[in-house]
Structures are given as structure tokens and as C-alpha cells.
There are 2 protein chains.
Amino acid sequence: MAAFRATIVGPAFLQNVWPRAPKHLHLAGRPRFAWVPILKLPRLIRVRPGVDTVKWDLADIAYPGRYSSRGQGIMGSFIDSSLSLLAKQTHPVISLAMGCPGPDAFPLEDVRRITTEIMEHEGPVALNYGPTEGDPLLRQSLLEAEAEATGLDIDPDCLIVTSGGMQGLDLVAKLLVNPGDPVVAELPSYSNGLATLHNYEGNVLQVSLDDQGLSVEECRRYFDRRGARPKLFYVIPNFQNPSGITMSLRRRLELLDLARSYEAIVLEDDPYGDLRFEGRALPSLFALDEGKGTVIAVRTFSKTFSPGLRVGWILAPKNVVTKMIAAKQSMDTCTNVVGQKIVAQLMAQGVMSRHILRLRHEYRQKRDLMLQALERHFGSLGGTSWTRPEGGFFLWMTFPEPTDAEKLFPVALEQGVAFIPGPAFTVQGGLRNAGRLCFTYPLLTEIDEAIRRLRYSYGLWASFGVEGAAAR
Amino acid sequence: MAAFRATIVGPAFLQNVWPRAPKHLHLAGRPRFAWVPILKLPRLIRVRPGVDTVKWDLADIAYPGRYSSRGQGIMGSFIDSSLSLLAKQTHPVISLAMGCPGPDAFPLEDVRRITTEIMEHEGPVALNYGPTEGDPLLRQSLLEAEAEATGLDIDPDCLIVTSGGMQGLDLVAKLLVNPGDPVVAELPSYSNGLATLHNYEGNVLQVSLDDQGLSVEECRRYFDRRGARPKLFYVIPNFQNPSGITMSLRRRLELLDLARSYEAIVLEDDPYGDLRFEGRALPSLFALDEGKGTVIAVRTFSKTFSPGLRVGWILAPKNVVTKMIAAKQSMDTCTNVVGQKIVAQLMAQGVMSRHILRLRHEYRQKRDLMLQALERHFGSLGGTSWTRPEGGFFLWMTFPEPTDAEKLFPVALEQGVAFIPGPAFTVQGGLRNAGRLCFTYPLLTEIDEAIRRLRYSYGLWASFGVEGAAAR
């Protein structure tokens, strides 16, 4: 593990230094000259930069007792980690796992042109620090777009640009969630969002969804029975991740009423709302709140344009945004300026809205193909069902009991298709016989084949179990 | 404040809705048709997107009792906020305030070329999610550069790419600092770093610097007297922000010894180390630690290349990096991929190292000019002194007692020069008769004039006070 090549200044080295070399440093080769600090004898030993190499083992140093309590139990993301897992596959795998735009879903030519323009006309500004609250043109464009889409004319100080929607969730949890605070989330819900709430040591209670969205009545019963109140409701009202379900208007109003009765905040995470393929758009919870400050809205360009640029935004009462600006200054100073300027120009030049129209069309085709494929391959399998989302990225698949989707997963991967098993969308496990399928990332031509492979994997798993399936 | 234009479907409106309109909504114009949710009567009222506008007042909604305890006392950055303050000035101001590269300090042509190449050859990858731990080429290049510069051959799993150095500090504090944990920082120290430690509710103790760096003996006496031990030492060993002081080798070794005796972690923040103009480079605390895991190193490209791209990295024991990856998945998923790829190419193509050589040369000139200007304009003013940094961005100016730099600040701004007053670099105030001057951001031709204006402002303030100075 450890390898060391060093050179010695003088004969003192062997006498003084060698016996005191740290145990995990092994000297090899013919030492001539080595480095001060490593062996603690000033001016005697030196590693020559670019010539000598010291390898040491930082791999197995645990930090017992040094982590904070939030650090001790920190929770990551099965979804994000699945990127690495997928990268390790040596055979072709069609991924229905990540919630990504398809590789064919970027307005590349426009981005290339706009990036060149930015570098030419405002390079020194784009490469330097920007205001924490966000690029002025981007903020103005976002407010105008919100006004145009919903009729809301919002105070500019109620908007902050964030490093993706994820940082929006992080900021809200940081400012609002105390250790032990009861926080309601949907069951199932977005893994990373759940992790954020958990990582600020919130006590996350997941309440099930029906076809109208979060079961508000179940929330009310739960808390009223205990004489307790939640601090926060975390919901994804449109084409929910992972279920694809959209919260009905009535349910939205009920949720707002309930939240107000508890003096709780509703955290509205809406990455997919602009990607509606059919039916009428419903007003956002933020709009429905009539400016009462019950709702904090988290938005992002990650699903409608680019996750890699990491640009999102938050709408919240001005006082809250003021605190968010302060918090963000100690988190990442500002959102990457080049990304903000690219998005601002895409909006200002009208590219963004055309792009979203195109995505709606293409993603609708992909959804339809997946629904057809599911009918074709799983239609005759009793106990199987899936949701039929009106937009977004995902549908939710339920397999016959007692399927274990986590055990089905490696079989499916082996057969060349990836999805995310149900338990990834829970804090405490459960939903073992279900999983999330993303229909936007695979190519049109891959979708039927992906579902065919999933059906075949299910058959293998059901007949032979994981080991047996692997052996076939 | 509130303005509302709406249209009514039918005659039921005036009867049913108008009396129940929320008090903060004022209806104006001739309403014909308005929106369901706003007035809570489904299917009766609708605001037409793109036509009607509702303005509501989210400005004065406070969140009493809803903030978390960390949210309640969240601390921002005087430095970052000064950007907005500067932007509001209507007369030309030479800024010695922000710690920015100069507007003339970007390799614009290379960035433009490389960005175009990235969009052409790997656009769909650059615009999509990347691995949380960072772009593979960038991570490899960083490890190679570390090996070349210091002789350290580090396990790839000990490195994570971050959204600037600031997120590095945030990750470390998140994982290690419990509310109330004693944390040592230098006095003065980087505002945003102090804010991060404070915002995780660490109990920040600032210990003064001498010309060798942090007064390690003072730390030892302080904690030994109380029978307590700190959890973390936060230090900026090279060309410290804001003092410009470099921690001597002996002091570095003493600090490591002390930290180990307390089983504490040393958080080494080193944005400026590569920008040494003279003298010999000292080994980093991370290198001096010999792989014992005492030190977590936070690095960034913000000072050597671009703050706006938000790319930094951390070196830490593998187990800690594993936790950081999990934590980052719930903070911002991954660092913006385009920025990572630009930096990776700048390194791989050899542009970065040439650029840093150029910066060393230019920044040295700027430092020399500022030192000359200080001698010229302040040399005869008793009780004034300044540091003479061997590299980096800043020097620290001490004015005669009893100068109040916060009161001098608006006078200087009025006279066309900005700096950061001393108290911004403390958690609890103090250092009122001092301030930080950045010599890298102003143009060469502006430096003497900036210091002349500062001297003139000081004279005005000393003779007439703030009000008097403003009146002149």
C-alpha cells in the first residue's frame, strides 16, 4: 500500500531518521534526499516535488467520536450511487434508473452559441463571483416567466437562485428543521429530498399517496391523535417523483388548510410541472397560498433543460429569502455564474420555451411507448400495475406480491435493464414490491426492449430467485 | 402594494366571492373572470395566465417560531453583501474589498476555445448529471498535480470535487461540528468560513495570530486551563485571509501536535498557496500530517482561475470522503459539470500551470505597487502599519487608535475607494482599527490612486468624523 522514494542530504539520515520513520511509511529504492516534515527533522530530509513520491494510506482511517450527530447518520442517495454502479457494467444496459433528460434532449447548438457569446461579451464577469441572490437578468427573467404563466407579480426580493433544486431543498431544511422536528413527506418520495430532511435530523414521517396525491386526512388523523403538529410538509405536487401522481386541486387546498392549522410550512418541490403532456395545468401550491407565506417553492432547470449546469431557484417570503442569502454565503457563496448566464440567455432569446414545447412532445411519445410496452409485456401478469402520469419523467410499477425489487434489481441489471427499487424512496424501507421507471432517458427505440428485459428478469427471478437467475 | 386584475365568469362572482376576497388582495379594474384557488370557489374564478396579474405582498411575512435554531441565528457575509453595496454606488469606486481575481486575470481565449470543444464533443454529458465525487478526468488531474507538487500519491477515493472551496468548508462543518462544539479559528479570519462554523452552531473561539501564524501556545493555555478540548482548528496557513500572514513550518508542526493531543481535526483552507511571489513554499498541513487523518484539506480554483465556475476539492481520509459524497447528494447532487470539464481541460492542456505562473508575476507587481503606495501615503502617519505578504490576495492594514474602520468605510466609499473593515473578520466584533486591502483586483494603474483616496478619507474622518467628512 505504501511506497516511498526519497533522497538523503547527508549521512545523518540513516542514523537519525530511518529508525524514526512512521510505521506506515516504507522507504524503498536508494534514498538520497528526503523531506523535512515527513520525518520531522527540519532541513534534513526532503521529497523533491515532481521526482519523489510518498504514498500513504488514508483509506482506513475512521473518525470515531469525531463526527457530529448529523454527520454520524448522514444519508446518501441510492439513485446517485446507481450512476457509479451502472458505469461498472461491462454489457449494454438500458437505464430506466436515473431521472435524467435523455442524451438527445439538449439544445446543444443554442447552448454552444450562447456560451461563446457570453465568453466574448462578458467573460470577466461570468468567470468572477456573482451576487449570492443570483444573476440580475436571470432573476428578472424568472419573475417575468412566473408572472406570465400564473398571473403572479412577485417582489424581486422573494426570489433567490440556487445551485439546482437540490440546494433549494437543503436551504429550506437548514433554515427550518430542528433535530427531532416532525416533517411529513409523501410515501414514496424523492430519495435525495428525504435525505436532506433526514440529514438535518428531522423526524421524517412518510404518509401514503392515493390517486389525488398526499393523503391529507391521514396526516390530520395521525397528528391529531397524538396531539402533535408537523413543522413542514414536503410535497412534489406535479407528476410526483417517483409515483407520477399529480395532486388534485381539492387536495392542494386541503393541504394548505391543514398546514395553516398547524402553522406549518409547505415545501413545494416542482421540477416537472412544466412538462405536462395532457390535461390542464393546476395552480401551484405557492399560487394557491395567496401570498400568505405558507408555501416555499423550489424550482429547477434540471429536468426542463440541464441538470449538469446546476441552476434552480426558490420563491419565498422576503424575510426568508434574506436568511437564505445569508445561509448560501456560507454554503457555496453563489451559484456558478456561467450556468446562470447561459440559462438567462436561453430564456431571454426565447429558446427555453421552444425547447420545453419540444420536450413535452418527445417525452409524451416516450411515455406512450412505455405504457404500450408495459401492456404488451406485463398485461397478462396478475398483480402487476403501473401509474399513468400526465407528465414528468416517471411511472411507478407495482409487481405481484411478494416480489422483492431489490433482489430483482441485480437480475435485471444482468439482463441489461436498470430501474430504482421501491425502498430507495422511503426513509425506513418498505414498498419492496415496487419500483420507479424513468421513461425520458432511454431512446425511443430502446423502450420496448427495456420493458421486455424487465419482464424476462421478473420471470427469471420469480422462477429461480436471484442465484438461480444469475446461473442461467 | 397589492394589485389585482381579474375577470369573472358569471354573476355569482359579486355575491359569493367579492366579500370573501382576502384582505390583502385588492381587486381593481373591471373584473370579468377570476381564478379558482385565489378566492377558493372552484371553477368560478380564474386568472388568465399571460393576461391577468395578481400582486401580493410576501415582503413582510416573518416566520416567528418556525425557524430552526441554526436558522434563527444564521450569519451571512459582509464581504459578499458589499458586492451589492458597491453596485449601488453612482460614482466610480476602486474596490480593494472583494477577494476576486482582477477583471484582467482570466485566460479568456483558452476558456472560450475549451468551452466550445466541450460542447462539441461531450455536450450531452456536460449538460447532464455527473458523479457526485466529481468528473473522473478532473479528479485524476488533481491527484496528479498534487503528486507532482508535493510528492504525495493519494488514494483516488480520498478526493471529492466541491462547488468551490466554500462548499468544502460547509461539508466539513456539517460532518464534524455539533451545536456547542468548541472550534478554534484565527483572529482575524475569513468571514464566510467563520459563518459556516457558526451556522452549524459551533462555538467559535478566535485566537490571535503573530507573525508565525496562529498562536498555538495561546490555544493550549486556553483549553488546558479549562480542562476542555476543541473539536476543530480552522486555519488558512498560506497568505492568510485577511492578514496575509503565512504560518511557519515550526508552527505547523506544533499545531499538528496540539490537534492530535486533543484528537481534534485541522481544517486546512488553502486557496492562495499556489500564488507565492517569493520565498520557498512550505509543506501543507495535509502533507505534514503523514497520512494520519488529522488534517482535512480544502482547495479551490476560485483564486487561481475562476470564482464564478465554483470548482474546488477536498482531500480527506477515504471514510470521510465517503460520508461527504453522501452529504453532497442531499446538498447539490454534484458540482456543475461544465465548470468541472473546463477546469479539467485547462489542467490537461497545460494552460492552468502557465496561467498560475502569469498570475504570480502580475500579482507580485500589484502587491509591490500597493506596498510602495502605502509607504508614500501612510509612511509618515504614526500608529499605522501593514503586513507584507509573500503571496496571495490581501494585506492587513492597522490604523492609529482609536480609528473605527466601520465608520471610516462610508467616508472612503464616498471618496471612491472600498475596503473591508476589521470587524467583518471576527465572530464577536473587535479589530475596529484595522481593515483588509485586496491588491489583486484593482488594475495596476488604480492602486496608487486607491491608497491616496484611503489616506485622504482617513484624514477627513480623523478631522471631522463621519458626518463632517460627508459634508465636505
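A contact means heavy atoms within 4.5 Å. The legends below describe a predicted model, in which local features need pLDDT of at least 70, side-chain atom pairs count only at pLDDT 80 or more, and totals for chains, interfaces and linings use all residues. Residues are numbered from 1 along each chain as its sequence is written, chains are lettered from A and ligands numbered from 1 in the order in which they are written, and side-chain values use heavy atoms, with hydrogens and water left out.

**View 1. Chain A as a whole.** Chain A has 16 helices and 20 strands, taken as DSSP runs (helices H or I, at least four residues; strands E, at least two) and numbered from the N terminus. Of its 472 residues, 62% count as buried (under 20% relative accessible area, with a 1.4 Å probe and protein chains only). Among contacts in chain A between residues at least 6 apart in sequence, 73% join residues at least 24 apart.

**View 2. The surroundings of P237(A).** P237(A) lies in the loop between β12 (232-235) and α10 (249-261) of chain A. P237(A) is buried, its relative accessible area being 1%. Leaving aside residues up to four places away in sequence, P237(A) touches I245(A), T246(A), M247(A), R252(A), E268(A), D269(A) and L285(A). From P237(A) to D270(A) the separation is 33 residues in sequence and 6.7 Å in space, C-alpha to C-alpha.

**View 3. The interface of chains A and B.** In this interface, 132 residues of chain B are in contact with 133 residues of chain A. The area buried between the two chains is about 10900 Å², with 58% of it given by carbon and sulfur atoms; buried area is the accessible area (1.4 Å probe) that two parts lose on being put together, summed over both. L127(B), Y129(B) and E290(B) supply 7% of the area that chain B buries against chain A, more than any other three residues.

**View 4. A salt bridge across the interface.** D170(A) forms a salt bridge with K174(B), and their closest N and O atoms are 3.5 Å apart. A salt bridge is a side-chain nitrogen of Lys or Arg within 4 Å of a carboxyl oxygen of Asp or Glu. Between chain B and chain A the count is 4 salt bridges. Helix α5 (residues 108-126) of chain B gives the most to the side of chain B that touches chain A, with 10 residues.

**View 5. The relation of the two chains.** The same surface serves both copies, as 100% of the contact residues of chain B recur in chain A.

Methods
Buried < 20%, exposed > 50% of the residue type's maximum accessible area, 1.4 Å probe, protein only.
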